[in-house]
Amino acid sequence: MKTRANILCLAAAFLVATAGLLSAREKPASGASLDAAAPVILIRNATILTVSHGTIDKGDILIKDGKIAAVGGTLKAPADAVVIDATGQFVTPGIIDCHSHIAVDGSVNEGSVSVSSMVNIADVLNSDDISIWRDLAGGVTTANILHGSANSIGGQTVVIKLRWGQPAAKLPFEGALPGIKFALGENPKRSNFRVSGAPERYPATRMGVEETIRGAFTEARDYKKSWDDYNKRVASGEKNAIPPRRNLKLDPLVEVLEGKRYVHAHCYREDEILMLLRVAKEFGFHVQTLQHVLEGYKVADEIAAAGTGASTFSDWWAYKVEAYEAIPYNAALMTRRGVLVSINSDDAAEATHLNQEAAKSILYGGLTHDEALKLVTLNPAIQLGIEKRVGSIDVGKDADLAIYNHDPLSAYAVVQKTLIDGRVYFDREKEIAGRAALEKEKKDLLEKAQKKQEEEKKAGAKKPEEKKAEEKKPDEKKSEEKKPEDKPKPPQDDAGQGGAQ
Amino acid sequence: MKRLLLNFLGAVLVLTLLGPGAGKAQTFTAGDIAITHAKIFTLAGPPIEDGTVVIHEGKIAAVGAGIPIPAGAQVIDAKGLQVYPGLFDPVTQMGLSEIGAVNATVDTTETGSFNPDVTAATAILPSSAHIPVTRASGITEVIAAPASGGFDSRGASNLVGGQASAIHLSGWTAEEMLINKHAAMVVDWPGIETRSFDFSTFSIKEKPFADAKKEYDKQVNELADYVEQARHYAQALQSPGTGFQRDVKLEAMGPVVRGEMPLLIFADRARQIRDAVEFCDKQKLKIILAGGTEAWKEKDLLRSKSVPVILRPTLGEPPEEDDAYDRLLTQPEELRAAGIKIAFGSFDNSFARRLGQNAANAIAHGLPYEEGLKAVTLYPAQMFGLDAQLGTVETGKTANLIVTNGDPLEVTTDIRYLLIKGQLTSTDNKQKALYEKYLSRPKAAR
Amino acid sequence: MSWRSVQLRLRAFVLLGAWLGLLAASAAWGQGGEPRTFAIRGAKVVPVSSAPLENATVVVSHGIITAVGTNLTIPPDAWVIDGKGLTVYPGLIDGFTDVGVAASAPPAPAGDGGARPQQVVSRGPEDRPATTPWRNAADEVNPGDPRVETWRSAGFTTVIAAPKAGMFPGQAAVLDLGGERAGDLVVKSPVAIPVSLQAPGGFRSFPGSVMGGIAYVRQVWLDTNWDTQADAIYEKNPRGMERPKYDRSDAALSAALGKHPVVLIPGNTSLQIRRALRLIEEWKLNAVLYGGQMGYEVAPEIAAKKMPVLVDLKWPEPEKDGDPEATPSLRTLRFRDRAPSSPAALGKAGVKFAFYSGGITAPKDILPAVKKSIDAGLSPEAALRALTLSPAEMFGVAEILGSIESGKIANLIVTDGDLFDKKTKVKIVFVDGRKYEVRESLRPSEPPKGDLTGKWKLSFTTPQGQEEATADLAMQPDGTLTGSVTGDHGTGSVFSGWVSGDKFRFAINISLEGSSSDVIFTGTFEGTSMKGSIQAMGYTFEFSGTKPTRMASLQAGGAQ
C-alpha cells in the first residue's frame, strides 16, 4: 500500500485536485485578522519540553511580537494578553517535517527529464491545500517542501511555515536557504514502472545515476567558469562581450557548488549513499541531508564523517527492493554513531502524527525521551539551517509551538493548539465549535445552487412553449398527451417518406 | 523477456535475503509453561494482579492469582510485566506479498473477476520476513486476505477474490500455521470510477458519471448472477444427474450460499457500503464489512443489519476535503456508540505492526480503552467465529499471549515474551538481526 | 371609413407598389453591387463612449461610421432601416478566442496532454515543446469557420483571435467577423502574445508539470532577451565572436515583441492570479491576465499592479449529470457562487477588464453569462463597456473600434431591446459596414411527416384583397427547406426554412416600403395541402396552399 506513496507520490499528486481555491478554513482559529499585530500570549502552567535545555514541569511561556519572550516559572503578562491555560498540557516546539510534498500546485515531479533542476517548487506553492491544515492539526509548523524522486537531479525546493490562510507568497520560511532535490536508486532509474510512448530514459542503472549527476555538475562547473570569465572581462572594461546564456538548469547547480543551496538527496541503499558522498567530494560540494536513507545504519560512520544529516522514516519497509532491509532502529543507530537524524513523513497523513513516529525510536534503539523529541524538532531545524529561529523553546526564537493534552511521545497525545509566529493557527476546541457553521454554509450554498438550477430549467422550458403559442392548436393538444419520458418516434412505418428520396 | 528476467532476479534476491532471519525466529519450547507474577488483562473480567497463566499442550490451562504451577513447567517470572491476549489483525496480506514492487513476490490477487476457489493459505510463505517482524509487535494471529485491494492488486478487479485464511504467526509450514483455511470469501465491492490514473499515459482519465455508474451496476449484477448460479449449483450438487459437470469455482461458493462462510466485503464509500449491505441482506448472505471509510454515513443501516465493520487504519487521510481532519479518528467511537461491532485492521503486511497504534489513536479520540483493546483482540475473533479459541485470556483457549512492559497499544511498549499456540516464540526477526549486526560494526576508518 | 382602414389602404397601396417595384431590386440584390451606405433611423443608440441617444440615427458609409446623432441629414443613396423599437450598440468584441482561425494546426512538437502517444519527446526547454510563436492569426484566418457566422449572429463583430494549442500558440490578431477573403477579416496584427502554462508532457516529455511549464516559459524569455542582445552585438561586430545560434521561437518572439503587443498570462483562481502577477513582474512583461474568475478575492492586488484582466465568461458550474451522491467541496461551492461577482469587484477596485468567451462554445450562452455578472453587481454600462470599448483599448484599436463614433469602423448591432434582456434578439449586424441579417436559427427537429418539395400555390388575403404566390420549395431529408417564393411583389429566396413533423416555417426577404423586410410563413401541412399564417411588417395574414396533384412524382412513397 505504501508502495504507491513512495514510488509514485507522483501519481498521488496527479490525483490531488488542487484547483487553488481558498479553503473553507480561512482564518486562524484565534479569529484575529492575519494583518493585525499578533497579540501578547501567555501560556500558563504547562509541562514545557524545551528540547534544548530539558523539561520544565509547570511553567509559563510568554510570547511577544511573534517571538518567545520568556520561558519557565510563573510569568507576568500585560492585562490585554491572551492567556492560554495549559494546565495538564505539554508544550513542545512545533514539529518540523523535513520531507514533505504538501502545498504544491500540480505534480511534485517534473518527471520527464533526468535533470530537472530548472523547476522550482517555490513557483507552485499552493496555499489552499487542505493538507496544510491537517498537518498543522498534527502539530507541524515548518515543512521542507521537496520535489519528487523521479529524477537523479530534481527541482529546487523550499522550506515553508504552515501559515494556513496566508497567500502562497507568505508561506516560505524567511531566510531559509533554498534547496534542491536529488534522487538515487529505483525511482530515478524507473525500476518499477514504464512510461509508454517514450524511449527508455537514461539512466536505467545506478551507474547511470552517478554519471548523470557527475555530468550535470561538470556542465555546471564549466558554466560557472564561463560566467566568472565574462564577469572578469566586463570588470576589466570590455564593452562588447556577449554574456553566456542564462541556463536555468545549471544556475541552481552552481549555487550548490558555491554552498548557497542545500542538497537533499533521496536514497536507500548503502552503496548509493557512499556514491553520492564520493561525488560530492569530487566536485567540492556538501550534501546537506540524505532523505529516507533507509540503509543509512549500514554506513552511519561514513555519513557522520561527511557531516551530512539523515532524514528517515520511523518504520516503513518492504515496499520496494531497496527498502527491504530497512529497520526501525535506523534513526537510533545512526544517532548513536554521530549522525544528525530527523524523522520525516513524505506523506500528508503521516505528517499528522510525527510525534508518535519519533517516539518509536525509544523502543527501537533506546533513544531517550528528549533525543526522540529532537528527531522532529531541533534536529530537522539544524538540518534546514533554521535552528536560530525554530526547533526548541528558547527565548528569542519564533513562537512556533504545539500544545498537547499528553506527553507527545505517545499514541495517545492529541494536539490542542498549534502556534506559528506567535499566532494560534490551530485551536482544536474552536475548530470543533466552528464545524456547524461551515456545514450550514455548505448546505445553504448547495440549496441556493439547486434552486438556481431548477429556475434555469423552468426558464429553458418556457422558451419553446412561447414558440408553440404561435402554432396551431392541435399541436398543443398532442404535447399534453405526451408522457415526459416519451421521445417522438420517427415515422418509420408510415409511408410518409415522400418523394424526396 | 527482460521483465521475466527481472522478476526472476527479484525473486532470487528475495529468497537469499530471507535466509538468515527465518530460522532463528521460530524457536520453540515443548512442555508446560507458567507465567507468574504478572498483571493479567484477561478481557473477560477485571485485570488480575500478581496472576499466573498456566499453559498446557498449546492451550490456556489455568488463569488466576495464586494458582498452582505444574511440576516441570517452564516458569516465566513476569514481575512488573503485563499479560494480554495476542493481537489479532483481521485484514492483511501477510505472507502473500513480500516486496510490493516486485511482482514475482506478490500473490495477493488472481486475474479474472471470479476466483472464489483460490485460497490464501495456498500461497502463504511461512518464512516471509513479515511474519517475525509483525509478531515482534505483539500480533499473534492474522487473516491473510487475497484481493484486498491496493497497489499490489495490479489493477485487476476481482469481484470475488478468493478465500481469506486465518493463521497463527508461527509455524514451519502453512499447515502448522492454519487456524481456519476458509475463514471468509473476499469480495471487492465495485466502485464508481469517474477519475482514474492511467499508468500507461501517466495522466488522469475522466469518465462521465453515467458511464461509470452503468459499469458499476453491471458489475453488481454480475455478482448477483454469480451468487444465483452458485445457489443452483449447490442444489444440483446434492443430487447430481448424469452428465453433471463439476465446477471448482462454483463449488467453492457452496459454503457462502449455505450461509456457513461470511463474505468479507471491501467497501469504503457510502454508496458501496449501502449497496453491499443491502445486497447481502437480499441474498441472505453473511457479511463482514472491511474498509468502512464512510461507514459513519450508513451507521443506521449497519446497526439495523448487525454488520460488523473492520476499519482501515485510523491514521489515514479523510476521503473528502471537507471531512473533519479527525474524521477517521472519531469514527470508531461514533460507530461503537451506535451499536456497531468494530475491529481494526492494518490492510497491509509491512504496516501490520501499527495495529495497536491505530487502536490507541481511536482511544485518544473517544473510544473507551477496553473497547479499543478488544477491537484488536476479541472482536475480530468473534467476527470470524474464532472466539472459542482466541481473543481473551481464558481457560480452554489457544495460548496466544503477549507479555509486555506496558500498554500493548502504546508505541513505546516492548513485547518481552511472545507465546503462540502455547509455545514461547522468539521476537527475533530480520530487522533485529540487521540492527545487531550493524550495531557491532567496528568504527569505520576515516 | 375609419381612419384605421384609411391607414390600412394607404399601407397596402404602398405595399403593392413596393412589391411591384421590387422585382428589379430583389434581382439585383445579392449579385454584387452591394449597398455601401446605410442609415438606421429613429433608433435608440448606445455609443458607449457617450450617453445613449433616443430617436437617433447612425449613418455608415463604405465601412465607416460617418454620422451619429439626432436630426441628421441622411444621404439620398442610403439604405434606410427603420429603427423604431430598435437599439443600436457597437459591435461586441470577444476578448480572446480562436474563432476565425484555421482549425488544423501545423504539427507541433509536443501534443495535447497525453491523450495520444507523442511522436516527438522533448528533453528540455531547448527542444521548444508546444511552441509556435511565429504563427499569426492574421495568416491563418479561415472565413469559412462556421463560428464566424454564429458568433456574428450573437452580436459579435470582432474577436481577438489566436491559434490554440501549445504554450506559445502564436500571435493574436484583431479580426472582424465578416468578409469573403481571409485578408478582409484582419483589422490589426499582432496585438497579443498568448502564453499558456498547461504543461502537456506528463512523464513523457518536458514540461510535464506546472512548475515545469513556468520554468520553461521563464527560460524562453531569458533566451529571447539574450538572442536580441547577442544578435545586436554580433551584427555590429561579428568578427571573433561565436555566432549566436538561430532559434526560430526566439526570433519570432523578438520580432513580435518589437511591435509592442500585450502578453496574455493565465490566472483564474486567486492562487494563479497572484502567481501570474509575480511572474509578470519578474519577467517585466507588458501583460494582461486572462481568466480572472476569482477577481472577487484579489481585486485590490490586481489594481495595485495596474494589471488589466480578461474575464472568462464560462462561469464555474456543477457538472451536468454528475454523481448525485458526490457533494462538491465548500470552496468549490463558494467559487461557483461568487465568480460572477468578479467583474463588479474588479471594476470597483479600478481594474480595467474585458470579457472573453473562454470556455463557452455556444455563442448564445455568452450574453446570459454577462447577465449573471450584472445580477451579481456589475452595472449594465460597465458590462457593455467590457464587451466593446475596454477590449478595444486593451488591444490598441480604440481609435477605430469599440464605440459608435463618427470615423470609427462601422461595426454595429441592432437589437429589438436591451442587450442584456434574455428576450432581446439581435436583428442586424454590421461588420465593416456590411449588413448581415440575423436569421432565426431556432427550429424544432422532428423528422418531417411528408415532403414539401415542389411548386405550391399559395393564396392569402391581404387587406387589399386576394393575392397569390408560388412557393418553389426543395426539402432535404432532415427537413431543411430551400427555394424561392414568387408573387406580385417579387421573388425572394427562402432562408431559415425547416419542416418538423407536420409543421413548417420559412422566410423570404423582400423590400417593403423601402426597407428590407422578412416575410415569414409558418404553418402545417398534410399531403398536398398546407395552411398557416404570413407575418410581414408586424401584420399577420392567413394563407393556404396546395400542391397541384398533376405532379405525380410527388406522390411516390405515399405522401398522405
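Analyst: The questions below go through some of these words in turn. This is a predicted model, in which local features need pLDDT of at least 70 and side-chain atom pairs count only at pLDDT 80 or more, while totals for chains, interfaces and linings use all residues. Residues are numbered from 1 along each chain as its sequence is written, chains are lettered from A and ligands numbered from 1 in the order in which they are written, and side-chain values use heavy atoms, with hydrogens and water left out.

User: Why are α6(C) and α7(C) called roughly parallel to each other?

Analyst: The axes of helix α6 (residues 270-283) and helix α7 (residues 295-304) of chain C cross at roughly 20° and come within 9 Å. Angles under 35 degrees count as roughly parallel, over 145 as roughly antiparallel, 65 to 115 as roughly perpendicular and the rest as oblique, so α6(C) and α7(C) are roughly parallel.

User: Which residues of α6(C) and α7(C) meet?

Analyst: With contact taken as heavy atoms within 4.5 Å, C:Ser270, C:Ile273, C:Arg274 and C:Leu277 in α6(C) meet C:Gly295, C:Glu297, C:Val298, C:Glu301 and C:Ile302 in α7(C).

User: What makes β6 and β15 of chain B edge strands?

Analyst: Two strands pair if DSSP finds at least two bridges between them, and β6 (87-92) and β15 (342-344) of chain B each pair on one side only. They belong to an open sheet of eight strands in chain B, in the order β6-β7-β8-β9-β12-β13-β14-β15, with mixed pairing.

User: How do you know that β9 and β12 of chain B pair?

Analyst: Strand β9 (residues 178-188) and strand β12 (residues 263-267) of chain B are joined over four bridges, in the parallel sense, where the definition asks for at least two. Within this part of the chain, B:Val186 stands opposite B:Leu264 in β12(B).

User: Why is B:Phe347 called buried?

Analyst: Buried means under 20% relative accessible area, exposed over 50% and partly exposed in between, with a 1.4 Å probe and protein chains only. B:Phe347 has a relative accessible area of 3%, and is therefore buried. This residue lies in the loop between β15 and α11 of chain B, and has a positive phi of about 60° although it is not a glycine.

User: Is C:Asn71 buried or exposed?

Analyst: C:Asn71 has a relative accessible area of 79%, and is therefore exposed. C:Asn71 is found in the loop between β3 (64-69) and β4 (79-82) of chain C, and has a positive phi of about 55° although it is not a glycine.

Key: Axes fitted to C-alpha atoms, helices over the stretch in contact; angles between N-to-C directions. Helix = DSSP H or I, 4+ residues; strand = E, 2+ residues; numbered from the N terminus.
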